[in-house]
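Reader: I would like the labels in this model traced back to their cut-offs. Please set each value against its definition.

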Amino acid sequence: MNSVWTDNVNMPHFDKLEGEVKTDVLIIGGGITGLLCAYFLQERGVDYLLAEGRSICSGVTGNTTGKITAQHGLMYADLLKKEGTERTRMYLDANRKALDKYFMLCRNIDCDFEEKNNFVYSINNKSKLEREADALRKVGYDALLQDPTELPFSTVGAVGFAHQAQFHPLKFLAHIAEGLNIYENTFVTKLSENTALTERARITYQKLVFATHFPIDNKHGLYFLKMYQDRSYVLALENAPLVKDMYINEDKRGMSFRSYQDLLLVGGGSHRTGQEGGKWQELRTYAGKYYPRAKERYYWAAQDCMTLDNIPYIGLYSKSMPQCFVATGYHKWGMTSAMAAAMILTDKIVGKENPYEAVFNPSRNILKPQLFINGAETTVNLLIPTTKRCPHLGCALKWNETEHSWDCPCHGSRFDEDGGLIDNPANGDWKRE
């Protein structure tokens, strides 16, 4: 179950950290966010160290679809209604700046970077598209509004962003990682004030960046209440008609499309981790209907952190941890969100004000409907009588027959059949009884 990205790249490798070391900034996590933070800190001459528990990009980053766009579904009309014009424009501008940064960096990196338009289409709700386009006009962005002609089914239209992009994320990050101060197989097992412990090392730091996908510290910030995780699935098909641009359905049950070389990537089957969903079977049924001549070459799954209001948490970890920072909750839009996060966090680390940080503030109001759904889900699973419990906060684990894993429906930790950790926030293995 390798993605097309992991099967077509040679990533650099780094030593395991041993002994006692000191650093100004410790970055925990070697996915796209951690690597970009390290890259920008090195550019600014800041002393840093990145600790990755396994190998870089071996987690969520290697399972993306590689779309780089500031259009994050149909979210701007809702954002305008709830947050107002200023914050909606801030969110849009932060992601457009991130997109611009990719265009600048990828000029000199061989990573299959291509400029594309991105579209959100609808099968049956044209008014929803029109509301989104109107909201974007109100914050100064002239979105495309047209009928897609290259999808294998009829739509009522699509709203789009011109001059977006797609790339091979691991080819990009393999280049970014070269020459950075990275240590692999350096799993942080314990944190105390200004000290991190691994199996063979003790790291003393002044500032800390949590770039671990889901934050691993439970004592502060209430991230275990403010987020849940969602799984989605991708097929890479050969002998299927390719699409010129990138597409996603406004309905979360719908399908997304992009092309890579001679492959059509079809995504969908989304569901909360630990619950039932369409998974790959839904995609295979769909492909059989619309692409009967296609052959499946790759299949993989992605896992995403979802916040209470669809906006990532980027900034100070909590008010009680003034030298610790976090970037999480990308809501399936990890490419621009990771770049925006790295730019915001490196500004904060060097004491520079960033014009977009307010909209992503992790300490913003949490009284949202999703908070009570998350709390109810946790309560129910804590009360299930079973010995198979997640070491994160004790929720009952559920067997995932499709992926042969034990999954936590509360916060999304996943373990293999033998109890080995696959996905956090659990910070260690679960040993089967």
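Reader: Are Cys-395 and Cys-410 buried or exposed?

Author: Both Cys-395 and Cys-410 are buried. Buried means under 20% relative accessible area, exposed over 50%, and partly exposed in between, with a 1.4 Å probe and protein chains only. This is a predicted model, in which local features need pLDDT of at least 70 and side-chain atom pairs count only at pLDDT 80 or more, while totals for chains, interfaces and linings use all residues. Residues are numbered from 1 along each chain as its sequence is written, and side-chain values use heavy atoms, with hydrogens and water left out.

Reader: What makes Cys-395 and Cys-410 a disulfide?

Author: A disulfide is a pair of cysteine sulfur atoms within 2.5 Å. The S to S distance from Cys-395 to Cys-410 is 2.2 Å, so the pair meets the cut-off. The two cysteines link distant parts of the chain, 15 residues apart: Cys-395 is in the loop between helix H8 (369–383) and E18, and Cys-410 in the loop between strand E19 (405–407) and E20. Helices (H or I, at least four residues) and strands (E, at least two) are DSSP runs, numbered from the N terminus. The structure holds one disulfide.

Reader: Why is the disulfide of Cys-395 and Cys-410 called left-handed?

Author: The torsion about its S-S bond is about -100 degrees, so the disulfide is left-handed.

Reader: Why is Thr-23 called buried, and what is it in contact with?

Author: Thr-23 has a relative accessible area of 5%, so the residue is buried. It lies in strand E1 (residues 19–28). Leaving aside neighbours within four places in sequence, Thr-23 is in contact (heavy atoms within 4.5 Å) with Asp-47, Tyr-48, Leu-49, Ile-203, Thr-204, Tyr-205 and Gln-206.

Reader: What makes E18 and E21 the edges of their sheet?

Author: The open sheet has four strands in the order E18-E19-E20-E21, with antiparallel pairing. Strand E18 (398–400) and strand E21 (421–423) each have a single partner strand, so one side of each is left without a neighbour in the sheet. Two strands pair if DSSP finds at least two bridges between them. Strand E20 (residues 414–415) and E21 pair over two bridges, in the antiparallel sense. Phe-415 stands opposite Leu-421 in E21.
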